[in-house]
Amino acid sequence: MPTPPLLALYGVCKRFGVVDVLTDVELEIRAGEVVALLGDNGAGKSTLVKVISGVAPADRGVIKWEGRTVHIRRPQDARDLGIATVYQDLALCGNLDVVGNLFLGREIRRLGFLDEVEMERRTGHLLERLTKRVPDLRAPLVSLSSGQRQTVAIARSLLGDPRLLLLDEPTATLGLEQTNEVLDLVDRLRDRGLGVLLISHNMGDVKALADRAAVLRLGRNNGFFDVNTTSQEQIISSITGAAENVPRRMAHRESGW
Amino acid sequence: MKGKRNTADNPRADLPTPTVEARQPHRRRVVARAVESQVTVLRRKLGAGELGLLPVVLVLVAVWISFQSLNENFLSPRNLSNLSVDIVGTGLIAVGIVFVLLLGELDLSVGSISGLAAAIFAVLNVNNGVPEWLALIIAVLAGTVAGSVQGFSFARTRVPAFVVTLAGLLTWNGLMLYILGTSGTINLDENGLVAKLTSYYFTNDAAAYGLAAVGSGAVFLVSYLDNRRRKAVGMRHRSLPAIAVRTGVLAVIAFAAAYVLNQFQGLPLALLIFLVIVAGLDIVLRRTHYGRQIYAVGGGVEAARRASLSVTRVQTAVLAVSGTMAAIGGLFLASRITSVSQGSGTGVLLLNAVAAAVIGGTSLFGGRGTTWSAVLGMLVIQSIASGMAITDTPAAVQFMITGGVLFAAAVIDALSRHSQEAHGRA
């Protein structure tokens, strides 16, 4: 019997007011696999990430973690399962140093006081594994480059030893060299057996990194592709809607609802 | 402190050690290297816009030199000793303001809360015969409660803190006038506990020197132990001479201050309490989980929230701290004049407290600053006031000069923030 996927979503729906943002969405992510989540603006990518990370829980649908049905209602639930999220705006404190940001909200204490030595040691170890150019651990975050900040944000998400990492547009604000560094990093995380869900607008990144791609269009699945065997054009046409891989939205609505 | 450390280091590097001639060049090299590494760190920090306490120290030195050249009594033990007591009342209020500024907010009610606390104490103790210690505790707790109420309203309603506390300014001032009633001015017991707060001096020389020794000893011990742990796990650490140089400079300043105080009446109780509170709250801010949360909320509310910090609790607690500190400061101010009147806690008190925190280098944008900036900023403000009094300059000029210093401090703050961000973009 094959091992069940790390995370599987079936029939996930999410409404904001009167707007159906996600309708019957399915998704599977296996350990040691990078799945790209693609779609035009407003296709529901970020909402899907929020559903999985517990920020905006699903209205309906089934979420299975290693084959077991789970309920993700709060960010805490996702974190307890081993799901970590790196948001597009990173959500770091500019005035705190690298160590402070990494351990924010889960500081190590010693005799009631912050144990800066231990936190700095662990930060150093973690960052050495992730990047070749470790930033000054005591520099406030505003003084780091955007690539370094991205590395810190990813390192922060890895601190709790997650099994699944959600990356929302990790390379959108980065230059070429920094992008390569982040892509290398994601590659190494996959080799370590993590499941990664990568949201990206950049087909280059997707081609370079992802094993499979899931396309969302207007809040519905619009095809799953094996990135290595599918042409870029095919994927793009499914993003733009030139190729409809599921019944049209109107037709579906008439029959189903 | 950083600036002083640096300038005062160099003469120490040339200290002769005639008894062990063979080791002298070696030791000198070690010290020189320690000084050098300090300078490198300092230069990097300055380049990145982390000015810390350097500007306020420079301003303080400049103010002291100017007034000393105008009137040689300015740096007399008597004047400096009085100065060290005069800064305490407003300085304690400024410490609370530092907490609020760390969130990037402003508390306008501290003046009124300080007056309210003093009035509550006076009415309970003098008019109703409540024991001093009990009246003191109730007065301080009243400040805590007033601050908490404001903090909770601010955190829950998301009305900016300066508006909530502006309403507080009026409310607490009205409450104070109501409590004082028709009595107008209430004189405190000249020999009572509260009067002693600012009139008691430890005349024994050992007190001031002891405080200096304990203070620098503690700083040395903490950095030495910290360093030893870093060395044990193979992390970047300072050499022993570097630590010695740092604490050495601190000790020189501390013992010089103790010497000056002992030339007059000894260590003032008020100064001792002030320094203990400031040092204690500094440890709370920089070394505890609670303090880290304050910096985090000041650096980014959204980031703090996503890191599952309770922003509401932090904001409420911070305004509670500033209310408490305002009440304590108000009692010291009342102690200085041994009376409470309808004018208590009004006038330039609030403005001076905010100005002290900002002049001391606490950022108006939140997330940067220490409690020591309240001490240094208050020293600058009070030095200007005292220098003006000594040189018979009209108060009008005093306001203008203090205003200029405050403006300069705000500009330095904005520029250093800008330079930090530019540093990141490069």
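Predicted model: local features only at pLDDT ≥ 70, side-chain atom pairs only at ≥ 80, totals over all residues.
Two residues are taken to be in contact if their C-beta atoms, placed from the backbone, lie within 7 Å.

In chain B, helix H12 (residues 289-299) packs against helix H14 (residues 311-337), with axes that come within 10 Å. The two axes cross at roughly 105°. Angles of 65 to 115 degrees count as roughly perpendicular, so H12(B) is roughly perpendicular to H14(B). H12(B) contributes B:Gln293, B:Ile294 and B:Val297 to the contact. From H14(B), these residues meet B:Val311, B:Val314, B:Gln315 and B:Val318. By class, the contact holds five nonpolar and two polar residues.

Chain A was examined at the level of domains. The domain assignment divides chain A into domain 1 (1-82 + 162-256) and domain 2 (94-160). Taken over C-alpha atoms, the centres of the two domains are separated by 28 Å. Across the boundary, 10 residues of domain 1 of chain A are in contact with nine residues of domain 2 of chain A. On the domain 1 side, helix H6 (residues 176-191) of chain A gives the most, with four residues. That side of domain 1 divides into six nonpolar, two polar and two charged residues.

An unreviewed UniProt entry lists residues 7-243 of chain A as "domain: ABC transporter". In the model, this span is 34% helix and 28% strand. Its end C-alpha atoms lie 27 Å apart.

Methods
Residues numbered from 1 in each chain as written. Chains lettered and ligands numbered in written order. Axes fitted to C-alpha atoms, helices over the stretch in contact; angles between N-to-C directions. Helix = DSSP H or I, 4+ residues; strand = E, 2+ residues; numbered from the N terminus. Parallel < 35°, antiparallel > 145°, perpendicular 65-115°, else oblique. Nonpolar A, V, L, I, M, F, W, Y, C, P; charged D, E, K, R; others polar. UniProt positions renumbered as here; feature names shortened; annotations may be inferred. Domains from an automatic or database assignment.
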